[in-house]
Amino acid sequence: MNKLTLASTILAALSLSACSASNSLAKIDSDFGSLDNDNDGYISKVEADDDAIWDHFSNIDTNMDEQISRTEFNAYMQLNTGKVATDSEVSESAFKAEIAKFDPIENDFKSLDNDKNGYVSIEEADDDDIANHFGYMDINKDKRVSRTEFVNYISKYGSDVAEDDALEMVKNS
């Protein structure tokens, strides 16, 4: 009887191991910018469909709006460092290296707000120097950047993200 119990235990352990191995998730090998094909600051289900991130989509999309924001992406990558992400993908230095690739923000908020409604929309940002920064700035994820979000972003990262009129505007705020 002991041999039967031992054999059953080993068989159960092997089955459990096989099941968990088949459920393991692929590593996410792309950064947010390369997954956000339309540069709107979000990864939609359509954009994620052919990438390794697809298996993770429902876990990353914490607010269940069927799109992944930069905040959700970064939080998931940090939470799962070493499991689905490498350390370099989630470190602050990697973030700064990413934003350093972007053209610096030169204009002040007023000149970016073309329709003068108090926000910079995705459309207004699209042809300007904040296009790549947009998803990082849009903290409340309403697909527009308020003056406060603009100032807070530049205040936090300073000359790493901005120069000229943008820095001057923040300094005078």
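Trainee: Which residues form the negative surface patch?

Mentor: In this predicted model, the patch consists of D103, E106, D164, D165 and E168.

Trainee: Why is D164 called partly exposed?

Mentor: Its relative accessibility is 49%. Buried means under 20% and exposed means over 50%, with partly exposed in between, so D164 counts as partly exposed. As for its place, D164 is in helix α12, residues 164–171.

Trainee: What makes the pair R144 and D142 a salt bridge?

Mentor: Their closest N and O atoms are 3.2 Å apart. The cut-off is within 4 Å, so the pair qualifies. The structure holds 1 salt bridge.

Trainee: Are R144 and D142 buried or partly exposed?

Mentor: R144 has a relative accessible area of 32% and D142 is at 31%. Both values lie between 20% and 50%, so both residues are partly exposed.

Trainee: How do you know that D36 has no salt bridge?

Mentor: The nearest side chain of opposite charge, R70, is 4.9 Å away.

Trainee: What makes the approach of D36 to D40 a polar contact?

Mentor: The side chain of D36 reaches the backbone nitrogen of D40 at 3.3 Å. The limit is 3.5 Å, so this pair falls within it.

Note on methods:
Residues are numbered from 1 along each chain as its sequence is written. This is a predicted model: local features need pLDDT of at least 70, side-chain atom pairs count only at pLDDT 80 or more; totals for chains, interfaces and linings use all residues. Side-chain values use heavy atoms; hydrogens and water are left out. Patches are made of residues with over 30% relative accessible area and no salt bridge: like charges are joined within 9 Å, nonpolar side chains (Val, Leu, Ile, Met, Phe, Trp, Tyr) within 5 Å. Accessible areas come from the Shrake-Rupley method with a 1.4 Å probe; for residues, only the protein chains shown count as cover. Lys and Arg count as positive and Asp and Glu as negative; His and the chain ends are not counted. The place of a charge is taken as NZ of Lys, CZ of Arg, CG of Asp or CD of Glu. Helices (H or I, at least four residues) and strands (E, at least two) are DSSP runs, numbered from the N terminus. Buried means under 20% relative accessible area, exposed over 50%, partly exposed in between (1.4 Å probe, protein chains only). A polar contact is a pair of N or O atoms within 3.5 Å; within protein, one must be able to donate a hydrogen and the other to accept it, and residues adjacent in sequence count only if both atoms are side-chain atoms.
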